[in-house]
Amino acid sequence: MNVTFWRTQESAESHAKMAHSTGLVQAILFEAADRDNIGGSAYGGQRSICCTPDLAKLEGCKQGEVIRRPSSDDPDWPFVLETHFSGNHISVKLDNEEVRITKTGMYNLFFISCDPKLRGLKMSGKTVWRNPGGYLPGRMAPLMNFYVFMSLAYLLVMVIWSSQYIRFWRDIMPIQNWITLVIALGLFEMTLWYFEYLNFNSSGVRPIGITTWVVTVGAIRKTISRLLILSISMGYGVVRPTLGGLTSKVLLLGLTYFLASELLDYAENVGTINDISGKARLFLVLPDAFLDAFLILWIFTSLSRTLEKLQARRSSVKLDIYRKFTNALAVSVIASVAWIGYEVYFKATDPFSERWQSAWIITAFWDVLAFVLLLVICYLWAPSQSSQRYAYSGEAADDDDEEAQSLTKGTDGDVGMVKIDKDRSGGVSSAFSLEDEAEEDKRE
């Protein structure tokens, strides 16, 4: 510990220059499970950390000091370290002492002064904590191995996807280029997170430059992933060659989401250990959550329109793919809502972080969910010899030209053609009243 305490000038001047002890400050180190051994209450009244005249009679504590009862496991704990102001000095430095902790648990360090004359006391400095395996906090340490696993998983997907991509490069659809980019960003992000944690674990600090890079890559990956799902839901490359007039709105939404995600992740990780205050976190989480909810509503509205188009065009192959995609999205949304509920319950029922050993799962779940959804998209839109059968094929003249092409492949018998009149109504009205999307449908 390297900590200095500063009292007010008024408090310092109230003591003689040659006085020996003119103010006591105590550092209390204790395990969360032993929190009831700190403080007490007189006659069942309000609990007090400092020893009062009544508590001195009941507890046998020393008035003006912190009440401490020995732990049942170790009488030397909670650990107390004291320092005293001398004379009329305005500051005092806490002795640099190394404390060895032999029991696994969540530990708290409080700096307390029970002297009313030290009101307005300030402190500066730092404390250094180190686990047997390194400087990573216990709740973060499992994530380092998790990021190794995720990096290998993304690498495996990248190898398989790249081999198919190179093999069928002549039949690649535009949407498959974006899937390739998301896989690459996911691999890059997981690898960066691992090295950032590795550096933190070995040095005990989180360099702003490295962490900012990781956070920015993560925000880019999340943004592009969401825009990819939105574009697929709109039928990009399948029922429409471009997003047309919606392109600017999609890009604007993507830019807004990137900024919200970047600010939240930056505040939680850069230079800190994910310990920003509840109010500050809520201020940053709300825009991110609102944009996610808006995206989900827009995605399912667009999916509904795309499914209607495919049904009208009798595109059975594309319709089957989009139904599977819709089911996967629905499952992921339900899983997300359920996990948010569990996360709220987890934090509400563990105010002292005693379940810290499983806290890493809260963070890991979202990376696993994003990876699984990416696997589904890779499976449904994997590069193959028949990729172009799923692509937009100039349906302006006749809606079922694409279906006719798919039916004639591998069939020796007669093929019946049914002409479907194009629906010019613009589809079912959206909860967002996206007239631009309806107009784009008409232009197709």
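Biologist: Which element gives the largest share of the lining of the second largest pocket?

Modeller: The largest share comes from H5, with 5 residues of that lining. Helices (H or I, at least four residues) and strands (E, at least two) are DSSP runs, numbered from the N terminus. This is a predicted model, in which local features need pLDDT of at least 70 and side-chain atom pairs count only at pLDDT 80 or more, while totals for chains, interfaces and linings use all residues. Residues are numbered from 1 along each chain as its sequence is written, and side-chain values use heavy atoms, with hydrogens and water left out.

Biologist: What volume does the second largest pocket have, and which residues are closest to its centre?

Modeller: A pocket is an open set of points on a 1 Å grid over the protein atoms alone, where a 1.4 Å probe fits, with protein on both sides within 12 Å along at least five of seven lines; lining residues have an atom within 4 Å of a point. Points are joined across faces, edges and corners, and the volume is the space filled by probe spheres set on them. Here the second largest pocket has a volume of about 310 Å³. Its lining consists of 13 residues, and those closest to the centre are Trp178, Ser231, Leu243, Val250 and Leu251. Two or more lining residues come from each of helix H4 (174-203), helix H5 (208-233) and helix H6 (247-269).

Biologist: How do the lining residues divide into nonpolar, polar and charged?

Modeller: Ala, Val, Leu, Ile, Met, Phe, Trp, Tyr, Cys and Pro count as nonpolar, Asp, Glu, Lys and Arg as charged, and the others, Gly among them, as polar. In this lining there are 9 nonpolar residues, 4 polar residues and no charged residues.

Biologist: How many disulfides does a search of the whole structure find?

Modeller: A disulfide is a covalent bond between the sulfur atoms of two cysteines; the cut-off used is a pair of cysteine sulfur atoms within 2.5 Å. The search of the whole structure finds 1 disulfide. Cys50 is joined to Cys114, with an S to S distance of 2.0 Å. The link of Cys50 and Cys114 is left-handed, with -85 degrees about the S-S bond. Cys50 lies in the loop between strand E2 (24-31) and helix H2 (53-59), and Cys114 in the loop between strand E5 (107-112) and strand E6 (122-126); the pair therefore ties together parts that are 64 residues apart in sequence.

Biologist: Is Cys114 buried or exposed?

Modeller: Buried means under 20% relative accessible area, exposed over 50%, and partly exposed in between (1.4 Å probe, protein chains only). Cys114 counts as buried, because its relative accessibility is 15%. Cys378 is buried at 8%.

Biologist: What is the order of the strands in the sheet that contains E2?

Modeller: Two strands pair if DSSP finds at least two bridges between them. This open sheet of 3 strands has the order E3-E2-E5, and the pairing is antiparallel. Strand E3 (79-84) and E5 stand at the edges with a single partner strand each, so one side of each has no neighbour in the sheet. From one strand to the next, the twist averages 15 degrees; axes are lines fitted to C-alpha atoms, and angles run from 0 to 180 degrees between N-to-C directions. E2 and E3 pair over 6 bridges in the antiparallel sense, and Gln26 stands opposite Glu82 in E3.

Biologist: Why does E6 lie largely in the open?

Modeller: Of the 5 residues of E6, the number buried is 0, so E6 lies largely in the open.

Biologist: Where is Pro78 found, and what is the peptide bond from Trp77 to Pro78?

Modeller: Pro78 is in the loop between H2 and E3. The peptide bond from Trp77 to Pro78 is cis, with omega near 0 degrees.
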